[in-house]
Amino acid sequence: MNYYPTSKIVGEQRFGFGPKLGQTTYYSPVEQLDKKPFVHQAIQDLPSTESTLIKVGENRVQRMKAKGDEQQMQAMKKEAQSFLRTQYRQQAQARHLQSVETPYGFQERIIQFWSNHFAISVDNRKLMPLAANIENDVVRQHWNGNFGEMLMASSKHPAMLLYLDNQLSIGPNSKVGKRRNKGLNENLAREILELHTLGVNGSYTQQDVIALAKAISGWGIKFKSPGAGFRFANNLHEPGSIILLGKSYSQSGVSQGESCLQTLATHKDTAKHLVDKLCQHFIGDTPKELSNQMVAEYLKGEGNLLPIYRLLLNSAEASKPNPNRFRPPKEWLFAVVRSADISLNEKQAFNALNNLGQPPFKPGSPAGWSDQDRDYNSPSALTQRMQVANRLASIAIKSAKASGTKPKAVVDDVITALYGDAIDEHTQIVLSKADSAAMQLSLLWLSPQFQYR
């Protein structure tokens, strides 16, 4: 069944978050590659990583001083919990506003794709005030640039170092390692190889994990001003050369790990891993000819991303009118809100994602959220969507009535913005049997035509 008979509908539905009610100018995904990125004011107003780290560091010092004073400790604990929760909710709402207001849906989709590639999770409560910082500090700067630069910035970002405990990694033969009898933490090195570069089936061994862990030992975090952020501690760094994927790296200090990352970023296994993920995310398959072209272009450009985006977007597979992916909860919610121009406050947006089973920045593991349709298309998941759809439809109709707009006109406007005159026949039949405008909106959002992209 051809749900998407026009290129405009394909572009907005498949590669963005869906049309936004009232938006008059649309740019194709290819055109968006040349547009200056849109960054919502809510993201611009978020505290910087540096200021957040300084605050966390100050809290640590205060807790140390308060040891033994139970009353003060409890008060500080309560204050710290409030700080974590407030920062987290602000970041979640800023991303929500960015996603529903952006005129460049593909830009935001690709940014959130890479954010999920370099995932951190607020399952670790320490990450709550830094939940969106890799997405905002790193990915928004490098999504249209070079993957190696994005990898380097992500691997050095305090949120990633904290999430995977690399600040606790100490070279056993370093000055501190010898004195304290401490050793390496392999978490970050393993995830760089397994998730961020070569892939789980890549050509690396446990010895390569150990070697990379040695190369990035001493990569940690500074929590004090000035210059709070990434810190390299030479007295924690494992001295000597290492061998990674059969190549020797004899650099000293921070440059050893940097050189390793540069090599990994342009490895053929990395190219294949990234291309497969991009194809799966946007078209639900990895066509051999397209994949080979994208891998070759990636290696030719030494990790430059725009050329491989263009190959993907201009491919025959990208423009097929049949539906090929099921919208995951987050993207479905953004599409619903955009379709009827619904305003959700911080609590409403946050609760909706929680109810849908995809709470913001909480994938639960460094692997990020699954990109398989079967993990979101289940009876229980559809029931959750129905409940959220009903609530959002009520909000949309109530808002329309308050502004003097007839409920039926709202439904007609939403359908026109989404599909023009290309709404699916089966969807039309279902909508014609609904007994209210709110029910029509809810059923539209639950239709296969809306849920598949």
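Predicted model: local features only at pLDDT ≥ 70, side-chain atom pairs only at ≥ 80, totals over all residues.

Colleague: Fine. At what angle do the axes of α11 and α12 cross?

Modeller: First the conventions: helices (H or I, at least four residues) and strands (E, at least two) are DSSP runs, numbered from the N terminus. Axes are lines fitted to C-alpha atoms, for helices over the stretch in contact, and angles run from 0 to 180 degrees between N-to-C directions. Here, the axes of α11 and α12 (residues 206-215) cross at roughly 125° and come within 8 Å. That makes the two helices, α11 and α12, oblique; under 35 degrees counts as roughly parallel, over 145 as roughly antiparallel, 65 to 115 as roughly perpendicular, and the rest as oblique.

Colleague: And which hand does the crossing of α11 and α12 have?

Modeller: You call a crossing left-handed if the near helix is turned anticlockwise from the far one by less than a right angle, and right-handed if clockwise. α11 passes α12 in a right-handed crossing.

Colleague: Which residues make that contact?

Modeller: Contact means heavy atoms within 4.5 Å. α11 brings Ala-189, Arg-190, Ile-192 and Leu-193, and α12 brings Gln-206, Asp-208, Val-209, Leu-212 and Ala-213. By class that's six nonpolar, one polar and two charged residues, where Ala, Val, Leu, Ile, Met, Phe, Trp, Tyr, Cys and Pro count as nonpolar, Asp, Glu, Lys and Arg as charged, and the others, Gly among them, as polar.

Colleague: What does α12 do with α13?

Modeller: Their axes come within 8 Å and cross at roughly 135°, with α13 spanning residues 254-265. So α12 is oblique to α13 as well. On the α12 side, Leu-212, Lys-214 and Ala-215 meet Gln-256, Gly-257, Cys-260 and Leu-264 of α13. The tally is four nonpolar, two polar and one charged.

Colleague: How do α17 and α18 cross?

Modeller: α17 (residues 329-340) and α18 (residues 346-356) have axes that come within 9 Å and cross at roughly 135°, and the crossing is right-handed. Pro-329, Lys-330, Trp-332 and Leu-333 of α17 touch Ala-349, Ala-352, Leu-353 and Leu-356 of α18. Seven of these are nonpolar, none is polar and one is charged.

Colleague: On to the backbone. What should I look for?

Modeller: Most residues other than glycine have a negative phi, and most peptide bonds are trans. In this model, the peptide bond from Ser-225 to Pro-226 is cis, with omega near 0°, and Pro-226 sits in the loop between β1 (219-222) and β2 (229-232).

Colleague: Where are the positive phi values near 60° and near 55°?

Modeller: Asp-165 has the one near 60°, in the loop between α9 (158-163) and α10 (175-180). Asn-181 has the one near 55°, in the loop between α10 and α11 (187-196).

Colleague: Is Asn-181 buried or exposed?

Modeller: Exposed, because its relative accessibility is 72%; buried means under 20% relative accessible area, exposed over 50%, partly exposed in between (1.4 Å probe, protein chains only).

Colleague: How many disulfides are there?

Modeller: A disulfide is a covalent bond between the sulfur atoms of two cysteines. The search takes a pair of cysteine sulfur atoms within 2.5 Å, and over the whole structure it finds zero. Cys-260 is buried at 0% relative accessible area, and Cys-279 counts as buried at 0% too.

Definitions and conventions. Residues numbered from 1 in each chain as written. Heavy atoms only, no water.
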